[in-house]
Amino acid sequence: MQLKIYNSLTAEKEIFKPILEGNIGMYVCGPTVYSNVHLGNVRTFLSFDFIYRTLTHLGYKVRYVRNITDAGHLTDDGNVDNDRFVKQTRLEKLEPMEIVQKYTVDFHKVLDMFNLLPPNIEPTATGHIVEQIELTQKLIERGFAYESNGSVYFDVLEYNKRGLNYGELSKRNIEELFANTRDLDGQGEKKNPQDFALWKKASPAHIMRWNSPWGEGFPGWHLECTAMSTKYLGETFDIHGGGMDLKFPHHECEIAQGKACNDAAPVNYWMHANMLTMNSQRMSKSTGNYILPMQLVTGDNDFFEKPFHPSIVRFCFLQAHYRSVLDISNDAMIASEKGFIRLMEAVKVLNSITPDDTKQSGFSLKEWKDKAYEALTDDFNSPILIAHLFEAVKYIFALNDGKETISTEDLEDLKTTLNAFIFDVLGLQTVEENNNEKLDQTLKVLIELRNQARKSKNFELSDQIRDKLLAEGIELKDGRDGTSYVLN
């Protein structure tokens with residue numbers, strides 16, 4: 001089947017044609033490591049992990065590059081104090097690279113927890129300062145950038161005057177962009193309001209600074225991805241991914257930088273994952289409608305009735321297409337947990353099925369596989385793939401009940417295919433029984449039995465329960481609010 005990918009640049013599904021047959025270069029914008037990775041970030045990276053797994057499963061050799069932004073992420077070109085790392089160093093009273101290390105470790109820890117495969121290459125912005133300076137010099141030499149007061153800006157108007165189209169990805173009109181741009185502090189350094197920083201002059205208080213031909217400073221946000229993607233994937237590569245929020249200005253600027261430097265479109269297929277909401281509302285710290293990934297897994301939050309295993313969260317996320325808005329809620333997580341458990345039960349049951357080569361099955365394994373692969377190759381349609389998996393689940397339980405049959409050959413094929421889809425492509429993992437939860441329920445029963453014995457004045461039984469538990473390292477504590485236990 002031909003792989004079709006929705007290209008954000010053309011707003012159409014296109015038949016995928018790699019630059020080099022059988023090989024794919026894929027770049028995904030990674031995190032800015034100035035704070036804990038949030039759940040919306042996890043959704044984006046998990047989406048591209050699924051895409052990476054699918055491409056590999058389909059037989060492609062993929063070079064997957066995902067960067068770490070550890071310098072130069074300006075929220076406002078006009079004010080160097082809006083560098084997110086500068087703000088966080090002041091808040092936490094740490095050195096910038098301590099901030100970077102702290103939150104890079106958190107990022108990897110969280111992604112490991114959700115079983116994301118690591119990229120083949122994970123470059124950092126600070127590790128490619130030389131390349132960014134060289135690109136900036138090249139853009140100046142070619143007339144697409146200019147130096148102003150120690151900073152360097154990309155000339156958007158000049159770019160468009162040469163017949164190029166700044167705004168082609170986000171479908172924005174350049175005249176409207178100029179007309180609607182608000183005045184910014186430091187705007188006087190720019191020729192045009194929409195010009196963006198390639199290199200910024202460091203203020204005396206700015207800690208992260210490097211020498212350059214224009215004086216001490218630091219890179220703008222957008223140039224790092226052009227520098228790293230072209231270094232590891234070439235001047236034009238196959239797929240560039242990221243969150244929908246990066247389409248403008250970040251990815252728009254990447255296209256402009258690539259074309260201005262190399263006279264070629266930097267990317268053939270642009271892919272964007274959509275946003276994550278919670279309880280039908282945008283997640284935001286300011287509104288309180290916000291939860292960290294670890295809080296969803298541990299249950300330490302006020303939104304969900306219980307903790308959820310990372311694989312169940314992953315399963316929930318993949319039940320929505322990567323281009324669709326995903327809304328999570330307590331009900332959605334409970335439903336996903338039930339579906340996940342049934343799927344895993346089917347995998348176990350399948351291993352105990354006895355084949356029967358004498359009867360014809362009413363289930364066509366070939367048709368089922370074709371439908372599953374059609375979903376995979378139709379812009380990575382994970383929810384449709386999962387729906388087809390549950391068709392197989394229904395068939396497996398019918399086999400277990402003796403209502404259906406399967407041949408020896410089909411049984412082995414079904415096992416292999418189902419395991420590949422569930423564990424390799426979707427990246428799900430089996431969930432071990434939660435022994436702590438079972439222990440808690442068991443002790444509640446024993447405490448209740450002890451309380452009944454005390455009410456009946458059966459103190460011998462009551463003391464016996466207490467003493468036997470203590471011998472096993474479980475101490476019961478009686479208080480005004482009832483009886484609790486402590487593990488010694």
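A nonpolar core is a set of buried Ala, Val, Leu, Ile, Met, Phe, Trp, Tyr and Cys residues joined through side-chain atoms within 4.5 Å. In this predicted model, the largest such core has 90 residues, and a search of the whole structure turns up 3 cavities of 30 Å³ or more. Here is a quick tour of the cores and of two of those cavities.

**Nonpolar cores**
- Within the largest core, Met26 and Leu55 are the residues with the most contacts.
- Leaving aside residues up to four places away in sequence, Met26 touches Leu55 itself, along with Phe48, Ile51, Tyr52, Val62, Arg63, Tyr64, Val65, Leu233 and Ile239.

**The largest cavity**
- Its volume is about 60 Å³.
- Around the largest cavity you will find Arg43, Leu46, Ser47, Phe50, Phe317, Leu318, Ala320, His321, Tyr322 and Ser382.
- Helix H1 (39–57) and helix H10 (310–318) are the elements that give two or more residues to this lining, and H1 gives the most, with 4 residues.
- Sorted by class, the lining has 6 nonpolar, 3 polar and 1 charged residues.

**The second largest cavity**
- This cavity holds about 40 Å³ of space.
- Thr226, Ser229, Phe237, His240, Glu254, Gly258, Pro266, Val267 and Trp270 line the second largest cavity.
- At least two lining residues come from each of helix H7 (223–233), strand S9 (237–243), helix H8 (247–262) and strand S10 (267–273).
- By class, the lining of the second largest cavity has 4 nonpolar, 4 polar and 1 charged residues.

Methods:
Residues are numbered from 1 along each chain as its sequence is written. This is a predicted model: local features need pLDDT of at least 70, side-chain atom pairs count only at pLDDT 80 or more; totals for chains, interfaces and linings use all residues. Side-chain values use heavy atoms; hydrogens and water are left out. Buried means under 20% relative accessible area, exposed over 50%, partly exposed in between (1.4 Å probe, protein chains only). Contact means heavy atoms within 4.5 Å. On a 1 Å grid over the protein atoms alone, a cavity is a set of points where a 1.4 Å probe fits but cannot get out, and a pocket is an open set with protein on both sides within 12 Å along at least five of seven lines; lining residues have an atom within 4 Å of a point. Grid points are joined across faces, edges and corners, and a volume is the space filled by probe spheres set on the points. Ala, Val, Leu, Ile, Met, Phe, Trp, Tyr, Cys and Pro count as nonpolar, Asp, Glu, Lys and Arg as charged, and the others, Gly among them, as polar.
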